[in-house]
Amino acid sequence: MEGFNSWVLFSTVLIPFAAVAIILLIPGEQQRELKAVSVVAAVLALAASIYVFFAYDYSTGGLQLTGQFEWLNALGISYHQGVDGLAVPMILLTGVVFLTGTLISLNVTRSPKEYLVLLLLLVAGVFVVFVSLDLFFFFFFFELAVLPMYMLIGIWGSSSDFGTFLRPKEYGAMKLVLYLVAGSVLVWIALIAVYIESPVKTFDLLLLKEVAFSREFQLIFFPLFMIGFGILAGLWPFHTWSPDGHVAAPTAVSMLHAGVLMKLGAFGIIRVGLELFPEGAQAWMPVLIGLGTVNVIYGAISAIGQSDLKYVVGYSSVSHMGYVLMGIATLEPLGVSGAVLQMFSHGIMTALFFALVGAIYDRTHIRDITILEGLGKKMGVTAAFFGIAGLTSLGLPGLSGFVAELLVFIGLFRTYPVLAILGIIGAAITAIYILRLLGKVFFGPISKEWDHLPDLSKTEGVATGILVLFLVGVGLYPLPLMQMINSGVATLLVRVLG
């Protein structure tokens, strides 16, 4: 590990693990101390993420803040870290959602020690994936980020009432894990094939990128990366775990699930699939862009038909991740840049959505939009913040979603103009269900049973206010983030297209 900046990057990984060790030493009944440790860890992780963002020199580009620890030399496995212009925004996104999700978690009273340990392990896994340049560590912590979800949902989640039947939280937890483990199996098969096929017998990504894998090998194994990682990104038709998982998860877990975990899938396609198999990527991108288009339209239409607030946001996430997949598949500078910016924007937006839905549910114990009405009269800040999230979702100029979707659409028109038109139709459908949702839940006459609802607490206000700040800030001044992303995209496309 060389230099102070490299150690700061390593601290983003170390801080959550250190917090887990400290929390394990604190008795479970000392809830205040447990929560204080988690908040301090989240603040430090965000501070380190912000430092990494400003320490990275986008004018130079390439991998920076690198460092390496040897582990199993005989198998070619080491802890090897580094970031480029694609990873740095994801680290910042993780830091923001980690802090805001931890603040929202302060109201957890059931077994908070175990809850916080699992939450911190999830975040630690995410950080390692975004900084790892060793594919063994990449995969191992990819799994570590996913597996705690089963217990977090199965123990602290909530069941869904469909009117005619009850869908238990255990269903959502098991469905999520089965789908994501199936995707992981595909990824692991491809990684083992890469290790066996490579003459250097290493998991180091930088060394594997120098190996000229045959076109036939790439055509066979790229789809395993595309589908394996794509499942976590909500790729249609393997997306159905996502809305059910969102609905069953507790609020902070939904925030991390939609805000960060789904981005691991898209990031995996970029970091592993595109960089290792450039020829395979070029051949399979038309398939990915076709599936991504279905994501956009199908997710938006499905969101219209939902009456549960969480299901609306869950299917909206499926739709918006479609723009990410479409942008990646264009292999066009603006399209790919828009996809990465959409990953950041969508992560902040959905974290805000789920934080606000959680606040509404905590006060009303209802998520049915056919019953909720006129809440804006009593929950003004909630209504205002929900409106900002909704307008970001439908791509209003001045908010981060507009910039991201505009770049994706330009990239699509340059490569697949017919699919670009379908993408715009998906955005129009998004406007329909978002405006309908805002009008029904927050405006109109208020029922007497909601007459004494409190607005956001101070903690909830701080958490959601941070998220709103990023949505507005990136929307009004996206240049710093775009300069960072463009430097990474330029290097990526040189690798893929030559």
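## About the model

This is a predicted model, where local features need pLDDT of at least 70 and side-chain atom pairs count only at pLDDT 80 or more, while totals for chains, interfaces and linings use all residues. Residues are numbered from 1 along each chain as its sequence is written, and side-chain values use heavy atoms, leaving out hydrogens and water.

## Salt bridges

The structure holds 7 salt bridges (a side-chain nitrogen of Lys or Arg within 4 Å of a carboxyl oxygen of Asp or Glu). One of them pairs R271 with D84 at 2.9 Å, N to O. R271 sits in helix α11 and D84 in the loop between β2 and α3, 187 residues apart (helices are DSSP runs of H or I, at least four residues, and strands are E runs of at least two, numbered from the N terminus). R271 is buried at 3% relative accessible area, and D84 is buried at 8% (buried means under 20%, exposed over 50%, partly exposed in between, with a 1.4 Å probe and protein chains only).

K209 and E275 form another salt bridge, with their closest N and O atoms 3.3 Å apart. K209 lies in the loop between α8 and α9 and E275 in helix α11, so this pair ties together parts 66 residues apart in sequence. Both residues, K209 and E275, are buried.

## Nonpolar core

In the largest nonpolar core, which has 190 residues, F225 and L274 touch the most other members (such a core is a set of buried Ala, Val, Leu, Ile, Met, Phe, Trp, Tyr and Cys residues joined through side-chain atoms within 4.5 Å). Helix α14 supplies the largest share of this core, 17 residues.

## Helix α12

A kink of about 50 degrees lies at W284 in α12, shortly before the proline P286 (the bend is the angle between axes fitted to the seven residues ending there and the seven starting there).
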